[in-house]
Amino acid sequence: MSRLIQRAAATAATLFVTVVSALGQASTDAPALKTQYRRPVEIPFPASNPYTPEKAALGKALYFDPRLSGHQNMNCASCHNPSFGWEVPLKGAIGAQNTMLGRNAPTVLNLAWSKDHYFWDGRAKTLEEQALGPIQADVEMNMALPALVTRLQGIPEYRKWFESAFPGEGLSAQTIAKSIATFERTVVSGYAPFDAWIDGDESAISDSAKRGFTLFNGKAHCADCHTGWNFTDNKFHDLVLTTTDIGRGKITPDDPMAKHAFKTPGLRDITQRAPFLHDGSAQDLETIMALYVGGGIDRPSRSPLMRPLDLQQQEIADVIEFLKTLTGTKQVVSLPVLPN
């Protein structure tokens, strides 16, 4: 009799595990959830600055041209390098006079889907405004816009390119901004194993990564901030790091929750983009996960989404395995031929 009871208990336990496993798989396979992460089929360009191939090609030349900096020794790629996920593998970006800045360089990837606010603190309202920011900043490229326009007008081929890209407008600070912004909007992360899985290839990612996806959208609460195909809510949160940088608080000082708040970065190509966080203080994904699991220090501006998490080591490892599936195929970026 006892053997029959043991056998029945074992059968029930096996059935329970099977049901739980099936429910977990169903949650990750739910069409509505997967649809939230499906790659868009086209790049959005604003009506105020529509795409043209001439404009994008011109913007690419400007992006890689060191003559946009005061000492002609830096270009946009100096801090946003395609070899490193369109960032640089340094704790802080390197600016004029070879000085390290206080913030890590945010990626240029997928900025076409960013909303309204650019830079870590969101001080630029458009990508065009953002494009001119580092050029003018004395600690970055240190180039006044009137002097830049004069310098580029002294290059006959640039004058020709600007007239072709902007008939009737020609070369100006505004068309420089529009060109660079147009190119930056074409910088899109490559097709990743995660995308293949979303599209129906069950073998594209591991079982560990699939469990990580479930945790990411559930128990780990990662999707509270990292939403959509680019994995960002485009909002600002205080992750309660030990920093004196008040971030968004400088832009909106009347908002007590903006103090020490920084924009949520997207997670695409994340394995190419260490170190992480606005101050580059996290060298790897394990450090990031430890921060989130611990919940950070307590202070009034702490994001309500930051709270200690009850995650086991295997669960943390599963989330990290999932994050690794967001890195797409390596894209070869050819350098433009710059005009003399």
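Mentor: The protein chain has 33 positive and 35 negative charges, and their mean positions are 1 Å apart. Lys and Arg count as positive, Asp and Glu as negative, while His and the chain ends are not counted. Each charge is placed at NZ of Lys, CZ of Arg, CG of Asp or CD of Glu.

Trainee: What kind of model is this, and how are the residues numbered?

Mentor: It's a predicted model, where local features need pLDDT of at least 70 and side-chain atom pairs count only at pLDDT 80 or more, though totals for chains, interfaces and linings use all residues. Residues are numbered from 1 along each chain as its sequence is written, and side-chain values use heavy atoms, with hydrogens and water left out.

Trainee: OK, new topic. How many helices and strands are in the protein chain?

Mentor: Eleven helices and two strands. Those are DSSP runs numbered from the N terminus: helices are H or I with at least four residues, strands are E with at least two. Going from the N terminus, the order is α-α-α-α-α-α-α-α-α-β-β-α-α.

Trainee: Which residues of H6 are buried?

Mentor: In H6, residues 156-165, Tyr158, Phe162 and Ala165 are buried. Buried means under 20% relative accessible area, exposed over 50%, and partly exposed in between, using a 1.4 Å probe and protein chains only.

Trainee: Why do they end up on the same side of H6?

Mentor: Because they cover an arc of only 70° around the axis, going by the directions from the helix axis to the C-beta atoms.

Trainee: And what covers the buried residues of H6?

Mentor: The cover includes helix H3 (53-63), helix H5 (145-153) and helix H7 (173-185).

Trainee: Is Cys225 buried or exposed?

Mentor: Buried, with a relative accessible area of 12%. Cys76 is buried too, at 10%.

Trainee: Last one. Where is Asn104?

Mentor: Asn104 is in the loop between H3 and helix H4 (127-136). This residue is buried, with a relative accessible area of 3%.

Conventions:
Contact means heavy atoms within 4.5 Å.
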